[in-house]
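Here is a short note to read beside the model. Please keep the sequence and the 3D view open while going through the points.

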Amino acid sequence: MEMDWVLGLIGGVIIGGAAALYLLVNGRVMGASGILGALVDGSGRETANERLAFLAGLVVFPGVAALAMGGSDTHLTGNHVIVALAGLCVGVGTRLANGCTSGHGVCGISRLSLRGIVATVFYIGAGGLTVVLARALLGGV
Amino acid sequence: MRAVYAFLAGGVFGVGLLISGMTDTRKVIGWLDVFGDWDPTLAFVMGGAILPMAIAWRVAAARGTPLLGGDFPARPEPTIGWNLVIGSTLFGAGWGLSGLCPGPAVASLTWGGAGGLVFLAAMAAGMYGAPPIRSRIDAMSTA
């Protein structure tokens, strides 16, 4: 268990390092939902190359790293109806809120942005409530 | 050049997500499960990520311009609207239901299997459909 915390901390610093690189070099906030979402809805057409390159790196690097580690597992529930419903909520929600865990959480809180802090309180609160309700109603997902 | 560094940043971000365990939905759900067998890993990840970023914002303020030119992102108006509250709540519900948020969902594309693809497709559909909902919520809250 403690090993997981150490890996969490190391991985976290790497995530923050990536966000710092994207800010200081490219001058952008590293928010996964914004980078992808503006491609999907067309609002990020002028910066499409930068967005696509970011997403390509986000797929390729961990893909290779996971292969080198002998594979990885998301342990995602096999219930595709729940998965689709969850994906839809995450897609609509992050675009209404204009950010997710990386944009509001990592990039927002680190600059003491009120919006980032409020968003984080609401998504963690709703997430915790959902986990408790899901276990009570569905016996866990 | 912008694309090269974007590719690198995305790559480093993805490796961090993998190492930290954030692509494992059990760790995320375990952290949100405060009344169950609570797993504190995500707090370490968040803390670890915020640290270098807090320094980066200070460096940005001191430098004035990004290395590749242009402007640093302006600090958004500190207004808390219904879109922020409703959106974050919806996002949190989907996050708790699946254990996936946008970054890890993309990062695990190569090993996430059919379920991962279902999540990505549904998330993209939600992102595509969001702008009109956003405008409607804005119109209602300013009416």
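1. In chain A, His75(A) sits in the loop that joins helix H3 (48-68) to helix H4 (80-97). The model is a predicted one. His75(A) is not a glycine, yet its phi is positive, at about 55 degrees. With a relative accessible area of 31%, His75(A) is partly exposed.

2. Most residues other than glycine have a negative phi. Asn98(A) is another residue with a positive value, its phi being near 60 degrees. Asn98(A) is found in the loop between H4 and helix H5 (101-109) of chain A.

3. Leu58(A) has contacts in chain B. Leaving aside residues up to four places away in sequence, Leu58(A) touches residues including Phe13(B), Leu17(B), Val106(B) and Ala107(B).

4. How far apart are the axes of helix H6 (residues 114-138) of chain A and helix H2 (residues 25-32) of chain B? They are 8 Å apart, and the packing angle is about 95 degrees. The two helices are therefore roughly perpendicular to each other. H6(A) contributes Ile124(A), Gly127(A), Gly128(A) and Val131(A) to the contact, and H2(B) contributes Ile29(B), Trp31(B) and Leu32(B). By class, this contact has five nonpolar residues, two polar ones and no charged ones.

Key
Residues numbered from 1 in each chain as written. Chains lettered and ligands numbered in written order. Predicted model: local features only at pLDDT ≥ 70, side-chain atom pairs only at ≥ 80, totals over all residues. Heavy atoms only, no water. Axes fitted to C-alpha atoms, helices over the stretch in contact; angles between N-to-C directions. Helix = DSSP H or I, 4+ residues; strand = E, 2+ residues; numbered from the N terminus. Parallel < 35°, antiparallel > 145°, perpendicular 65-115°, else oblique. Contact = heavy atoms within 4.5 Å. Nonpolar A, V, L, I, M, F, W, Y, C, P; charged D, E, K, R; others polar. Buried < 20%, exposed > 50% of the residue type's maximum accessible area, 1.4 Å probe, protein only.
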